[in-house]
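Please look through the sequence and the model shown below before reading on. The report is meant to be read alongside them.

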Amino acid sequence: MKEKRKYMEGLVQEECLIFERSRDGKRAFSLPKSDVPRKEPSQILPNEMLRDEIKDFPEVSEVDVVRHFTRLSTWNYGVDTGFYPLGSCTMKYNPKVNENLSRLPGFALAHPYQGDKLSQGALRMMYELAKFLAEIGGMAGVTLAPAAGAHGELTGTAVIRAYHTKNGNPRTKIIVPDSAHGTNPATTSTCGYTPIEVKSNEHGCTDAYAVAEVMTDDVAGIMITNPNTLGIFEENIAEIAKIVHAKGGLVYCDGANLNAVMGVARFGDMGVDVMHYNLHKTFSTPHGGGGPGAGPVGVASKLTPFLPIPTIEKGPDGYYLNEDRPDSIGRVISFYGNFGVMLKAYCWIRSMGPEGIRAASENAVLSANYIRASLRKHFDVPYDRLCKHECVFSDAKQSAHGVTTMDIAKRLMDYGMHPPTNYFPLIVHHAIMVEPTESEDKAAIDRYIEAMIAIAEEAASDPDLVKGAPTKTKLSRLDEVQAARNPILNWKKEE
Ligand SMILES: *Cc1c(COP(=O)(O)O)cnc(C)c1O
């Protein structure tokens with residue numbers, strides 16, 4: 001080791017790699033001396049069940065392990081530690097009671113093979129959740145199976161393909177506006193369709209004429225994100241739906257941003273045929289950290305026969321999983337999806353009620369507009385109009401002083417806040433995308449606004465300060481390009 005790292009510096013805890021703590025012979029347990037003859041593992045177990053020695057496996061005590069991981073956990077920034085305004089992600093605070101309910105033993109210990117008869121409570125919950133989501137989206141049927149938003153898109157687009165195929169021709173293209181989420185064109189390609197891009201107009205909306213120009217008999221439909229990645233409601237959606245339907249196409253609406261409209265407006269009423277919901281954004285499952293999610297898909301009545309199997313249905317003998325569906329696109333996940341995530345969504349919807357759900361949307365939208373209006377004098381707002389749950393700025397004013405979106409984001413860390421989404425959406429040059437959500441109170445939002453104004457002032461008076469940020473974090477600015485291109489994933493003992 002060249003230089004030994006400090007374990008502590010005041011009460012700001014540093015942490016070395018667990019490998020660096022290793023001392024030969026240290027163990028996390030101690031057992032009494034054995035009173036039976038010792039046998040080697042190879043004398044007891046077949047050879048193929050034995051693993052090789054793990055080279056350089058750290059030898060540490062129990063307290064070493066506990067302190068190591070506990071310290072590392074305090075380095076994490078999460079919604080439980082502070083404001084997390086990551087646009088397009090809905091990083092809201094979710095009530096812990098829903099976590100507790102989803103871990104009740106009757107649910108947590110249920111086994112997918114225990115059969116319908118012993119799963120009536122679980123099936124009823126899923127049946128009712130699908131109904132609630134259908135009601136919120138204005139859809140005829142909902143599958144809970146997909147495990148994420150992008151997985152929902154794949155499922156929904158497969159449904160579109162199955163519908164057109166059944167009608168004699170799957171068609172070859174899908175229209176995707178430039179304000180759609182990046183997963184939309186990726187999904188259309190994955191499903192064998194060629195995405196056709198249409199440009200947004202000067203109001204940040206998809207233009208109905210632009211859609212009409214490219215909508216032909218060979219276009220399977222349109223995939224539109226609403227509210228779009230500018231945080232703006234696609235106000236021409238009903239008209240666009242008419243244009244697409246007139247040529248036999250279908251309308252897919254990416255509803256990952258439902259936090260802006262639920263309880264207020266329903267996609268089904270706007271002519272949308274397929275949509276997905278992100279339970280891990282809107283419906284009480286924390287987003288990020290790689291945990292399980294769920295991306296249920298809602299469809300109009302003409303598409304329900306194509307939904308994946310199994311569907312959850314109610315018959316004279318109770319609730320059951322139905323696999324006997326000849327037009328279904330088939331299975332998209334093992335069993336029926338991420339049950340714990342569904343349960344949290346169910347609890348959240350039941351505890352919020354229709355008024356609470358509407359209030360959540362309204363507060364999310366109010367907060368975003370409050371931020372936009374408070375910062376518009378200090379930051380460029382490319383589409384300065386009423387937004388939905390998020391607002392988009394750029395660094396156009398600060399770049400005159402050489403300060404970029406990246407610098408602003410880094411400087412926010414010195415003010416103790418997670419940066420917003422950067423450089424997305426792509427249609428705004430050097431975008432700064434802020435989504436406060438409904439779970440922050442006015443004081444927290446005011447602190448954010450004050451920090452942003454302070455940074456705008458620093459950018460003009462002392463640009464080097466902003467460009468040198470962060471200075472109050474454990475490490476200052478890292479080389480993110482190198483970290484992405486040449487990550488060091490393996491620790492090797494230095495000679
Ligand atoms: C987050 C998001 C997605 C993707 O959802 P995942 O669960 O991450 O796959 C798709 N579309 C929009 C608009 C989103 O915000």
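The sections below treat the chain as a whole, then its sheets, its cores and some backbone details.

## Basis of the model

This is a predicted model, in which local features need pLDDT of at least 70 and side-chain atom pairs count only at pLDDT 80 or more, whereas totals for chains, interfaces and linings use all residues. Residues are numbered from 1 along each chain as its sequence is written, and side-chain values use heavy atoms, with hydrogens and water left out.

## The chain as a whole

The secondary structure of the chain comes to 16 helices and 14 strands, where helices (H or I, at least four residues) and strands (E, at least two) are DSSP runs numbered from the N terminus. Along its principal axes the C-alpha trace spans about 80 × 70 × 40 Å. Of the 495 residues in the chain, 47% are buried; here buried means under 20% relative accessible area, exposed means over 50%, and partly exposed lies in between, with a 1.4 Å probe and protein chains only.

The domain assignment gives domain 1 (1-76), domain 2 (97-351) and domain 3 (363-483), the bounds coming from an automatic or database domain assignment. The centres of domain 1 and domain 3, taken over C-alpha atoms, are separated by 42 Å. Among the contacts in the chain with a separation of 6 or more, 69% are made by residues 24 or more positions apart, a contact being heavy atoms within 4.5 Å.

## Strand β4 and its parallel partners

Strand β4 (residues 173-177) is mostly covered, with four of its five residues buried. Five bridges join β4 to strand β5 (residues 194-198), and the two run parallel; strands are said to pair if DSSP finds at least two bridges between them. Within this pairing, Ile175 stands opposite Ile196 in β5. Together with helix α8 (residues 183-190), β4 and β5 make a right-handed β-α-β unit, right-handed meaning that, with the strands pointing away from the viewer, the path from the first strand over the helix to the second runs clockwise.

Strand β4 is also joined by three bridges to strand β6 (residues 219-225), again in parallel, and here Lys173 stands opposite Val219 in β6.

## The antiparallel sheet

An open sheet of three strands, with antiparallel pairing, has the order β12-β14-β13. Because β12 (391-394) and β13 (421-422) stand at the edges, each with a single partner strand, one side of each is left without a neighbour in the sheet. Two bridges pair β13 with strand β14 (residues 431-434) in the antiparallel sense, and the bridge partner of Thr421 in β14 is Met433.

Helix α12 lies across β12 and β14 and runs at about 25 degrees to β12; axes are lines fitted to C-alpha atoms, for helices over the stretch in contact, and angles run from 0 to 180 degrees between N-to-C directions.

## Nonpolar cores

A nonpolar core is a set of buried Ala, Val, Leu, Ile, Met, Phe, Trp, Tyr and Cys residues joined through side-chain atoms within 4.5 Å. In the largest core, which has 54 residues, Leu129, Leu133, Leu144, Leu258, Phe267 and Phe283 touch the most other members. The elements that each supply at least two residues of this core include α6 (120-137), β5, β6 and α12 (339-375), and the largest share, eleven residues, comes from α12.

Not counting residues up to four places away in sequence, Leu144 touches Met126, Leu129, Ala130, Leu133, Pro296, Ile312, Tyr336 and Met342.

## Backbone details in loops

A cis peptide bond, with omega about -10 degrees, joins Asn226 and Pro227, and Pro227 has its place in the loop between β6 and α10. Another cis peptide bond joins Phe424 and Pro425, with omega about 5 degrees; Pro425 lies in the loop between β13 and β14.

Asp56 is not a glycine, although it has a positive phi of about 60 degrees; Asp56 is placed in the loop between α2 (41-44) and α3 (62-74) and is partly exposed, with a relative accessible area of 30%. Arg171, likewise not a glycine, has a positive phi of about 65 degrees and is found in the loop between α7 (149-166) and β4, where Arg171 counts as buried at 14% relative accessibility.
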